[in-house]
Amino acid sequence: MSIDQLPPEILARTFFFLRVRDRVKLASCSKTTQRRVYRECSEIWETISFHGHTGDDRLTDYQLSKLLVRVNAREITKELNLSFLSNIHGQGLAPLRHSRVLEHIDIVGTGAE
């Protein structure tokens with residue numbers, strides 16, 4: 001059985017344990033995997049956390065913005081943790097404008113404070 005044959009519920013449970021950057025890398029494997037990661041398993045994007053992961057400190061506003069658009073964060077993301085990401089200054093948060101689901105955002109230690 002290939003990954004493409006697994007039901008979305010099983011994939012979502014598996015993808016949930018991956019770091020955000022690993023989910024993005026996985027999505028780049030094929031169009032099918034991209035669709036599954038970003039659309040069919042959208043619940044994995046309810047919480048987006050970059051805090052404490054090596055390499056995440058290089059994330060820029062541009063990259064954040066692209067990710068938030070791709071995962072439809074305005075409609076899905078409830079919690080966003082960007083703490084201590086020094087390259088985030090606020091412009092990358094624009095896709096969340098007018099979100100009705102966002103409950104918490106952590107920007108401590110960023111340039112967006």
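Tutor: Axes here are lines fitted to C-alpha atoms, for helices over the stretch in contact, and angles run from 0 to 180 degrees between N-to-C directions. You're looking at a predicted model: local features need pLDDT of at least 70, side-chain atom pairs count only at pLDDT 80 or more, and totals for chains, interfaces and linings use all residues. Residues are numbered from 1 along each chain as its sequence is written, and side-chain values use heavy atoms, leaving out hydrogens and water.

Student: OK, at what angle do H2 and H3 pack?
Tutor: Helices (H or I, at least four residues) and strands (E, at least two) are DSSP runs, numbered from the N terminus. The axes of H2 and H3 are 7 Å apart. Their angle is about 145°.

Student: Which H3 residues make that contact?
Tutor: Contact means heavy atoms within 4.5 Å. H2 brings in Arg23, Val24, Leu26 and Ala27. From H3 come Thr33, Gln34, Val37 and Tyr38.

Student: How many residues are in the largest nonpolar core?
Tutor: Such a core is a set of buried (under 20% relative accessible area, 1.4 Å probe, protein chains only) Ala, Val, Leu, Ile, Met, Phe, Trp, Tyr and Cys residues joined through side-chain atoms within 4.5 Å. Val37 and Val71 are among those with the most contacts inside it. The count is 25.

Student: And the sheet: which are its edge strands?
Tutor: Three strands make an open sheet, paired parallel in the order E1-E2-E3. Pairing takes at least two DSSP bridges. Those pairing on one side only are E1 (47-49) and E3 (104-106).

Notes
Buried means under 20% relative accessible area, exposed over 50%, partly exposed in between (1.4 Å probe, protein chains only).
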